[in-house]
Amino acid sequence: MRTLQRRLATDTRYTLLGLPLSVASFATTVIGVSAGLGSAVAFVGLPVLAATAAAAKHLADLERVALPDVLGHPVARPAYTPVPEGAGWFRRVMNPLTSGQAMMDLLHGIIALPFALAAFVLSAVWWAGAIAGLTFPIYGWAIARIPGALENGLPEWLGLAATPTTFVLVTTAVGALFALTLVPVVRMAALLKAGVAQTMLTRAVHPEPAATREPTWVIAR
């Protein structure tokens, strides 16, 4: 039970907090790339593009920090080209653009937003449905007394009598259905978003070679 609770808490946090991060990443990438390309002819745009790539890398790092908890295994950060020793100021400024991963970071900033939005909506709707439905017996009777509240409601759609009792029971049952499916739906939403990030922002984690593990094994023996 505690494992499911931790999993639900982790996936919910990832999907709900991931949307603001994706919006910030999308805005930074689109504005930066548009401004950089628009002024690239005058060479002013090249530092803008480099700064955008550097910002995208830091935003990608935030995403990579959250991935292990969601995926259940560590992820490896792709290698970025370091600044050469003795490089001049222009080479240092433009260094973020020399990494092959820079393009993937920029693309992720744009592509990830629809997936983050879908994950956010799924999690928010299922949480709202579960909470509102399970607590409906507390306030549902007051809603049922509102004139016209029972007309064309869910009980009528199901062919049931439109009475306050039926209204409350059916709505509560729908909330229970949301609650029963909350863990798998939120898990699916988290994996939807995390799958895109894993593909574009990480590389495979290779096991440590046996040759490097053998001395440790020998000493321990």
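This is a short tour of a predicted model, one selection at a time.

**Start with the whole chain**

Show the chain as a cartoon. You will find 9 helices and 0 strands. From the N terminus on, the elements run α-α-α-α-α-α-α-α-α. Of the 221 residues, 33% are buried. Now think about contacts between residues at least 6 apart in sequence. In 73% of them, the partners are at least 24 apart.

The chain exposes about 13,000 Å². Carbon and sulfur atoms supply 72% of that area.

Go to helix α1, which covers residues 2-38. Show the side chains of Arg-7 and Asp-11. They meet in a salt bridge, 3.2 Å from N to O. Both residues lie in helix α1, 4 residues apart, which is about one turn of the helix.

Is Asp-11 buried or exposed? Asp-11 has 1% relative accessibility, so it counts as buried. Arg-7 is partly exposed, with a relative accessible area of 23%.

Arg-187 is partly exposed, at 21% relative accessible area.

View the three residues together. Arg-7, Asp-11 and Arg-187 are linked in a network of salt bridges. Side chains of opposite charge can pair when their charged atoms come close.

**Move along α8 to Lys-193**

Select Lys-193 and Glu-63. Their side chains meet in a salt bridge, 3.0 Å from N to O. Here, too, distant parts of the chain are linked: Lys-193 sits in helix α8 and Glu-63 in helix α2 (residues 45-71), 130 residues apart. Both residues are buried. How many salt bridges does the structure hold? The count is 5.

**Open the core**

Hide the surface and select these residues: Tyr-14, Ala-60, Leu-67, Val-70, Leu-71, Val-75, Ala-190, Ala-194, Val-196, Ala-197, Met-200 and Leu-201. These 12 residues make up the largest nonpolar core. Which elements give two or more residues to this core? They are α2 and α8. The largest share, 6 residues, comes from α8.

Stop at Met-200, one of the core residues. Leave aside its neighbours within four places in sequence. Met-200 is then in contact with Gln-101, Met-104, Leu-107, His-108 and Ile-111.

**Return to the surface**

Bring the surface back. Select Val-30, Met-103, Leu-107, Ile-110, Ile-111, Phe-115 and Leu-192. Together they make a nonpolar surface patch of about 520 Å². Which helix gives the most to this patch? Helix α4 (residues 101-134) does, with 5 residues.

Val-30 is found in helix α1. With 32% relative accessibility, Val-30 counts as partly exposed.

**Finish with the rings**

Now show the aromatic side chains. There are 4 aromatic pairs to look for. Begin with Trp-89 and Phe-90. Their rings form an edge-to-face pair, 5.7 Å centre to centre, with 85 degrees between the planes. Trp-89 is exposed, at 66% relative accessibility. Phe-90 is partly exposed, at 43%.

Next, select Phe-136 and Tyr-139. This pair is also edge-to-face, with 5.1 Å between centres and 75 degrees between planes. Where do the two residues sit? They are 3 residues apart in helix α5 (residues 136-144), separated by about one helical turn. Phe-136 has 6% relative accessibility and counts as buried. Tyr-139 is partly exposed, with a relative accessible area of 33%.

Ring pairs link Phe-136, Tyr-139 and Phe-167 into a cluster.

Terms used:
Residues numbered from 1 in each chain as written. Predicted model: local features only at pLDDT ≥ 70, side-chain atom pairs only at ≥ 80, totals over all residues. Heavy atoms only, no water. Buried < 20%, exposed > 50% of the residue type's maximum accessible area, 1.4 Å probe, protein only. Contact = heavy atoms within 4.5 Å. Areas by Shrake-Rupley, 256 points an atom, 1.4 Å probe, with all protein chains shown as cover. Patch = residues over 30% accessible without salt bridge, like charges linked within 9 Å, V, L, I, M, F, W, Y side chains within 5 Å. Salt bridge = Lys/Arg side-chain N within 4 Å of Asp/Glu carboxyl O. Core = buried A, V, L, I, M, F, W, Y, C linked by side-chain atoms within 4.5 Å. Phe/Tyr/Trp six-rings, centres within 6.5 Å; stacked < 30°, edge-to-face > 60°.
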